[in-house]
Amino acid sequence: MTGKHEKAKERREKRLQEISLLRTIPYSDHQRWWSPETIAVVTGANRGIGFEMARQLAAQGLTVILTSRDTSVGLEAAKVLQEGGLNVDVHQLDVLDSSSIQEFCDWIRERYGGIDILVNNAGVNYNLGSDNSVEFAKEVIQTNYYGTKAMIKAMIPLMRPSAAGARIVSVSSRLGRLNGRRNRLRDLTLREQLGDLDDLSEEVIDRTVNTFLQQVEDGTWQSGGWPQTYTDYSMSKLAVNAYTRLMGKILSDRPDGEKIYINCFCPGWVKTAMTGWAGNISAEDGADTGVWLALLPDQAITGKFFGERREISF
Ligand code: NDP
């Protein structure tokens, strides 16, 4: 092995060690603001990181609504958790289907009256290894960005007032960072606009992803200055990060007792179906930054993106 490779390996191992140290920090009893009556909804929870987040939130003593776009798969997944003694309910939810979202909201209102935590985990990616196909760009943007946005809009009116505040956590990716060293938008003006809360609006975010999709349709996207790795997926997560920043600002106007905190995070490179079981951490380890964010005792933090070392990033 060359010196360069050895150094890279050392850096990687050190980083993994730092992450595992963080993971050993428990939630102490006096910090627990939640109870079995606290309701957490997880999208795409039938497998992978979503399933793990559902499991870990339920293991912390919350009531978890495991949602899945396929009813029978959702029932099977929920059964596994229920048989482990966890407080888990289950419902169908396809984040691309507005009638499914509506039906889910009606069910929640009737059965629980409201929710306290929303985890936007449902997502798709069709590239593996060094591929960069945009064949499914529309579905990727629709699911990862518009689906997440639709859920946030549908769930906010159902979020219950509480002293601790309700929470929204979205599973994003460091591939969608605005100012990462690599894989960023070439257009500096657009980057600044997406990064500046005074300039940022839902219209700017939608226009950005729609311009990309238009270029995919026209066959001109390759010269569009978009991120170079998994371009469609990176664009979808870039939009999730920007929307999180925007909603952090919008929601911060709410009065005490009705606060809603919103953040997103990168779980790391996780061994799930999405990565073809590649990756360097398990779904269990990938999920826990999200669980930590959802349960933060002192939620002064909102509108932020967290890396897998739980550092605030951009
Ligand atoms: P999986 O492919 O294992 O899980 C994705 C989940 O999303 C599945 O439950 C899937 O349902 C669900 N889903 C997809 N489309 C919809 C939809 N329209 N409505 C409802 N649910 C849907 O992948 P991961 O667990 O790895 O991914 C979970 C999240 O983590 C995603 O947002 C992903 O982008 C993100 N992420 C993952 C990383 C990784 O390394 N794995 C890295 C960074 C981010 P179904 O089973 O029916 O297909």
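Trainee: What does the side chain of Y233 do at the ligand? How far is an N or O atom in that side chain from an oxygen atom of the ligand?
Mentor: The distance is 2.6 Å, from an N or O atom in the Y233 side chain to a ligand oxygen. Keep in mind that this is a predicted model.

Trainee: And T272, what is the distance there?
Mentor: For T272 an N or O atom of the side chain lies 2.6 Å from an oxygen atom of the ligand. N121 uses its backbone instead: an N or O atom of that backbone is 2.7 Å from a ligand oxygen.

Trainee: How much of the ligand does the protein bury?
Mentor: The protein buries 94% of the 900 Å² that the ligand exposes when taken alone.

Trainee: Switching to aromatics. How many pairs are there?
Mentor: The count comes to 8 aromatic pairs. Take Y145 and Y243: their ring centres are 6.2 Å apart and the planes stand at 80°, so this pair is edge-to-face.

Trainee: Where do Y145 and Y243 sit?
Mentor: Y145 is in helix α5 (residues 137-155) and Y243 in helix α8, so the pair ties together parts 98 residues apart in sequence. Both Y145 and Y243 are buried.

Trainee: What about W292 and F306, how are their rings arranged?
Mentor: The ring centres of W292 and F306 are 5.6 Å apart with planes at 80°, and over 60 degrees counts as edge-to-face, so that is what this pair is. W292 belongs to helix α9 and F306 to strand β7 (residues 304-306), so the pair links distant parts of the chain, 14 residues apart. F306 has 1% relative accessibility and therefore counts as buried.

Trainee: What span should α9 have, and what are its end C-alpha atoms apart?
Mentor: The 13 residues of α9 (residues 283-295) should span 18 Å at 1.5 Å a residue, and the end C-alpha atoms are 18 Å apart, which agrees.

Trainee: Next, backbone angles. Which residue has a positive phi of about 60° although it is not a glycine?
Mentor: That is N183, found in the loop between β5 (166-171) and α6 (188-195). Its relative accessibility is 8%, so N183 counts as buried.
Mentor: W277 is not a glycine either and has a positive phi of about 65°. W277 lies in the loop between β6 (260-265) and α9.

Trainee: Is W277 buried or exposed?
Mentor: W277 counts as exposed, because its relative accessibility is 60% and the cut-off for exposed is over 50%.

Trainee: Last one, R207. Where is that residue, and how accessible?
Mentor: R207 is in helix α7 (residues 202-218). At 41% relative accessibility R207 counts as partly exposed.

How values were computed:
Residues numbered from 1 in each chain as written. Predicted model: local features only at pLDDT ≥ 70, side-chain atom pairs only at ≥ 80, totals over all residues. Heavy atoms only, no water. Polar contact = N/O pair within 3.5 Å; in protein donor to acceptor, adjacent residues only side chain to side chain. Areas by Shrake-Rupley, 256 points an atom, 1.4 Å probe, with all protein chains shown as cover. Helix = DSSP H or I, 4+ residues; strand = E, 2+ residues; numbered from the N terminus. Expected span 1.5 Å × (residues − 1). Phe/Tyr/Trp six-rings, centres within 6.5 Å; stacked < 30°, edge-to-face > 60°. Buried < 20%, exposed > 50% of the residue type's maximum accessible area, 1.4 Å probe, protein only.
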